[in-house]
Amino acid sequence: MTKKMQLLQLKFPARAEEMCTVRQKLREVLGTCSKSESTINCIVLAVGEACMNIIQHAYGSSEKGDIVLEVEKLGSDMIFRLRDFAKHKTCAKEMQSRPLDELRPGGLGCHIINEIMDEVQLIDCEKSCGNVLQMKKCLSPPKGQTG
Amino acid sequence: MESSLKSEKGYDLLLLSGEVDLQYSPKVREKILGALRQGKPLLIDMESVSYIDSSGIASLVEGFQTAKSAKLPYGLLNISDPAMQVLTLTRLDKIFSLYTSTEQFSQQL
């Protein structure tokens, strides 16, 4: 049976100014799991977009709170879990990509997350405050390549 | 993130470097729109952009739309690999005019 390994647990204030440090820590962890700079860049981008959604839409301008980022490795899968404690309940529709033929600023974050990650799932936490978003990315290289 | 605006012959050149994220994208948006308000074509050098997220991309899109309305040439120069990854993911690499030299941009003014 494949053992689940926790690689990172990080609690930080949901503020744009925190994101540079969060990305740096995530990059360090990912560097131990993948040699591909491009894969690491993509994952850091997707997790950053998910944090930004929490900052802008879950907490918004009127509420302050924290984000907890957990990173786990299960075989070749990397699991990224983001928990917030906002009053706003994020629904699945909010995580959908918008049509790209509609050229307008904004609304690209969910598209980026869905393109990069293999699985994106809101975990039901109806009884408690906040939201949990789980994203999964398989690090197995495509056939014929080494990762 | 750092940015600086240089006036070149017939156009403005905006140099961006570092991480263009939610913290800095409002500043980038202001720089882009402020430059376009001067009524000159704008070229944005992205060679030293190490990270850009959807908020930074939104600033570039807003600049693109503003330039298009004002019929001003608008382009992106020497896009770094991390920035190109994001443009490709969002398929904006097919929308923006991309350049690999300032001469290329100057020629079409």
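Across the interface, 23 residues of chain B are in contact with 26 residues of chain A, contact meaning heavy atoms within 4.5 Å. This is a predicted model, in which local features need pLDDT of at least 70 and side-chain atom pairs count only at pLDDT 80 or more, while totals for chains, interfaces and linings use all residues. Side-chain values use heavy atoms, with hydrogens and water left out.

The area buried between chain B and chain A, that is, the accessible area (1.4 Å probe) that two parts lose on being put together, summed over both, is about 2,000 Å², and carbon and sulfur atoms give 65% of this area. On the side of chain B, B:L22, B:Y51 and B:L89 lose the most area to chain A, together 30% of what that side buries.

The rule also finds 3 salt bridges across this interface, a salt bridge being a side-chain nitrogen of Lys or Arg within 4 Å of a carboxyl oxygen of Asp or Glu. A:R23 and B:E19 meet in a salt bridge through their side chains, at 2.8 Å from N to O.

Over all chains the structure holds 17 salt bridges. Within chain A, A:E70 pairs in this way with A:R81, their closest N and O atoms being 3.3 Å apart; because A:E70 lies in strand β2 (residues 66–74) and A:R81 in strand β3 (residues 77–84) of chain A, the pair ties together parts that are 11 residues apart in sequence, strands being DSSP runs (E, at least two residues) numbered from the N terminus. Both A:E70 and A:R81 are buried, which means under 20% relative accessible area (1.4 Å probe, protein chains only). A network of salt bridges links A:K4, A:E70, A:E72 and A:R81.

Definitions and conventions: Residues are numbered from 1 along each chain as its sequence is written. Chains are lettered from A and ligands numbered from 1 in the order in which they are written. Helices (H or I, at least four residues) and strands (E, at least two) are DSSP runs, numbered from the N terminus. Buried means under 20% relative accessible area, exposed over 50%, partly exposed in between (1.4 Å probe, protein chains only).
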